[in-house]
Amino acid sequence: MKQEAKLFKIYNKLLDYFGPQHWWPADSPFEVMVGAILTQSTNWGNVEKAIANLKRVKVLTPEKIVESREQSVERWIKPSGYFRQKARKLRAFAKFFLREYGGRLRAMRCEGVQTLREKLLAVHGIGPETADSILLYALNKPNFVVDAYTRRIGQRLGLFDFEDYHQIKEYFENNLPKRVRLYNEYHALLVALGKNFCRPRPLCQNCPLNGLGRCKKN
DNA sequence: ATCCGGAGCG
DNA sequence: CGCTCTGGAT
């Protein structure tokens, strides 16, 4: 079967089973970017607590993050884990955002996607997944996000056998129409499947993708 | 290959 | 308790 047809079949089954995921839950693009950093290897529920703290003390702006003592930021984001690392990362990103774009989304959106992605990757604490999450969910660029779930699910389904981030990203982008809405929902649905069924130890019994073909389960 | 880390779950 | 969580830096 054609790769694109396969990908849409998966997408439709997931959407049918889980429904729209409404990503990214946030009041502002800056909140999305902060969340993208805080959620690295971390349960989203813990990130929500950290963001709630940042809102409570009213520091959810690049200016306030930079002004605040790092030790304070550590305390506020503690629920999201890796709090010392992430406090550094938030500061680095806030400084970058202010220095390069004056803290303005409009200015950031004007940058070409490719150069913007490279500039993001140069910021301490921002790797491929975080950069792509920011591009897709904060800036609405048609940029497919790859994560551990995407990799695991794709391999188990036999969609691809490579491991490299960029190869997987290109696999999806080359076999799907370049649409923001589609990329947004697709990644969110893969996360839903990865959390609920295609876990490190898979729960294949009631997997919504049963019947699509053979699944390797590693 | 190791480290960073609190929180929630069974 | 052990496992897992929308990774990235060293």
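Predicted model: local features only at pLDDT ≥ 70, side-chain atom pairs only at ≥ 80, totals over all residues.
Residues are numbered from 1 along each chain as its sequence is written, chains are lettered from A and ligands numbered from 1 in the order in which they are written, and side-chain values use heavy atoms, with hydrogens and water left out.

**The protein chain**

Chain A has 12 helices and 0 strands. Helices (H or I, at least four residues) and strands (E, at least two) are DSSP runs, numbered from the N terminus. Along its principal axes, the C-alpha trace of chain A spans about 55 × 35 × 30 Å. Of its 218 residues, 47% count as buried; buried means under 20% relative accessible area, exposed over 50%, and partly exposed in between (1.4 Å probe, protein chains only). Contact means heavy atoms within 4.5 Å. Among contacts in chain A between residues at least 6 apart in sequence, 61% join residues at least 24 apart.

An unreviewed UniProt entry places the feature "domain: HhH-GPD" at residues 38-196. UniProt positions are given in the numbering used here, feature names are shortened, and annotations may be inferred rather than shown by experiment. Over residues 38-196 the chain is 69% helix and 0% strand.

His-187 is found in helix H12 (residues 180-196). His-187 counts as buried because its relative accessibility is 3%. Leaving aside neighbours within four places in sequence, His-187 is in contact with Trp-23, Tyr-137, Val-145, Asp-147 and Thr-150. His-187 and Asp-147 are 40 residues apart along the chain, and their C-alpha atoms are separated by 8.7 Å.

**The two DNA strands**

A residue is near a molecule or strand if one of its heavy atoms lies within 4 Å of it. DNA strand C is surrounded by 23 residues, and the closest are Trp-23, Ser-41, Glu-129, Thr-130 and Tyr-149. Of the atoms of DNA strand C within 4 Å of the protein, 78% belong to sugar or phosphate and the rest to bases. For DNA strand B, 52% of the atoms within 4 Å of the protein belong to sugar or phosphate, and the rest to bases. The residues around DNA strand B include Ser-41, Thr-42, Lys-49 and Gln-85.

The table lists polar contacts, each a pair of N or O atoms within 3.5 Å (within protein, one must be able to donate a hydrogen and the other to accept it, and residues adjacent in sequence count only if both atoms are side-chain atoms).

| Polar atom of the protein | Atom of the DNA | Distance |
|---|---|---|
| Gly-125, backbone | strand C, phosphate oxygen | 2.9 Å |
| Tyr-149, side chain | strand C, phosphate oxygen | 2.8 Å |
| Thr-42, side chain | strand B, base nitrogen | 3.2 Å |
| Lys-49, side chain | strand B, phosphate oxygen | 2.3 Å |
| Gln-85, backbone | strand B, phosphate oxygen | 3.2 Å |

Helix H3 (44-56) and helix H6 (83-101) each supply at least two residues of the surface near DNA strand B.
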